[in-house]
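Please look over the sequence and the model shown below before reading on. The report that follows moves from the overall picture to single residues.

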Amino acid sequence: MENRTGQFIARRRKAIGLTQKELADRLGVTNKAVSKWETGDSLR
């Protein structure tokens, strides 16, 4: 299964120069949650 949503999140995050931790802090989630979104682990 292709993880287009995770790829999109990673591309946008990197384009604006945020780390996973910085994005997580802005969204009120953990950096591990962001990592799971980007890798697709949250979909399994």
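## A report on the predicted model

At 11% relative accessibility, Asn3 falls under the 20% limit and therefore counts as buried. This residue belongs to the segment that comes before helix H1, which covers residues 4-15. A polar atom of the Asn3 side chain is 3.0 Å from the backbone oxygen of Glu38. All of this is read from a predicted model.

### The whole protein

Taken as a whole, the protein has three helices and zero strands, and its pattern along the sequence reads α-α-α. The C-alpha trace spans about 30 × 20 × 10 Å along its principal axes. Of the 44 residues in the protein, 25% are buried.

### How H2 and H3 meet

Helix H2, made of residues 20-27, packs against helix H3, made of residues 31-39, at an angle of about 110°, and the axes of the two helices are 8 Å apart. Angles from 65 to 115 degrees count as roughly perpendicular, and H2 and H3 are therefore described as roughly perpendicular to each other. On the H2 side the residues that take part are Gln20, Lys21, Leu23, Ala24 and Leu27, and they meet Asn31, Val34, Ser35, Trp37 and Glu38 on the H3 side. Sorted by kind, the residues of this contact are five nonpolar, three polar and two charged.

### Residues of helix H1

Which residues does Gly6 touch, if those up to four places away in sequence are not counted? Gly6, a residue of helix H1, touches Trp37 and Glu38, and both of these are also listed among the H3 residues that meet H2. With a relative accessibility of 1%, Gly6 counts as buried. The C-alpha atoms of Gly6 and Ser42 are separated by 9.8 Å, although the two residues are 36 residues apart along the chain.

Ala10 also lies in helix H1, and at 13% relative accessibility this residue counts as buried. In sequence Ala10 and Glu38 are 28 residues apart, while in space their C-alpha atoms are 5.9 Å apart.

Arg13 has its place in helix H1 as well. Is Arg13 buried or exposed? Its relative accessible area is 9%, so Arg13 is buried. The side chain of Arg13 reaches the backbone oxygen of Leu18 at 2.9 Å. When neighbours within four places in sequence are left aside, Arg13 is in contact with Leu18, Thr19, Gln20, Leu23 and Glu38. Among these contacts of Arg13, Gln20 and Leu23 are listed in H2 and Glu38 in H3 where those two helices meet.

### Two lysines of helix H3

Lys32 is part of helix H3, and with 61% relative accessibility, over the 50% limit, Lys32 counts as exposed. The C-alpha atoms of Lys32 and Ala10 are separated by 13 Å, and the two residues are 22 residues apart along the chain.

Lys36 is likewise found in helix H3, and at 46% relative accessibility it counts as partly exposed. Leaving out residues up to four places away in sequence, Lys36 touches Asp41 and Ser42. Lys36 and Gln20 are 16 residues apart along the chain, with their C-alpha atoms separated by 10 Å.

### Pairs set side by side

| Pair | Apart along the chain | C-alpha separation |
|---|---|---|
| Gly6 and Ser42 | 36 residues | 9.8 Å |
| Ala10 and Glu38 | 28 residues | 5.9 Å |
| Lys32 and Ala10 | 22 residues | 13 Å |
| Lys36 and Gln20 | 16 residues | 10 Å |

Glu38 returns at several points in this report: its backbone oxygen lies 3.0 Å from a polar side-chain atom of Asn3, Gly6 touches it, and Arg13 is in contact with it.

Technical notes:
Residues are numbered from 1 along each chain as its sequence is written. This is a predicted model: local features need pLDDT of at least 70, side-chain atom pairs count only at pLDDT 80 or more; totals for chains, interfaces and linings use all residues. Side-chain values use heavy atoms; hydrogens and water are left out. Axes are lines fitted to C-alpha atoms, for helices over the stretch in contact, and angles run from 0 to 180 degrees between N-to-C directions. Helices (H or I, at least four residues) and strands (E, at least two) are DSSP runs, numbered from the N terminus. Angles under 35 degrees count as roughly parallel, over 145 as roughly antiparallel, 65 to 115 as roughly perpendicular and the rest as oblique. Contact means heavy atoms within 4.5 Å. Ala, Val, Leu, Ile, Met, Phe, Trp, Tyr, Cys and Pro count as nonpolar, Asp, Glu, Lys and Arg as charged, and the others, Gly among them, as polar. Buried means under 20% relative accessible area, exposed over 50%, partly exposed in between (1.4 Å probe, protein chains only). A polar contact is a pair of N or O atoms within 3.5 Å; within protein, one must be able to donate a hydrogen and the other to accept it, and residues adjacent in sequence count only if both atoms are side-chain atoms.
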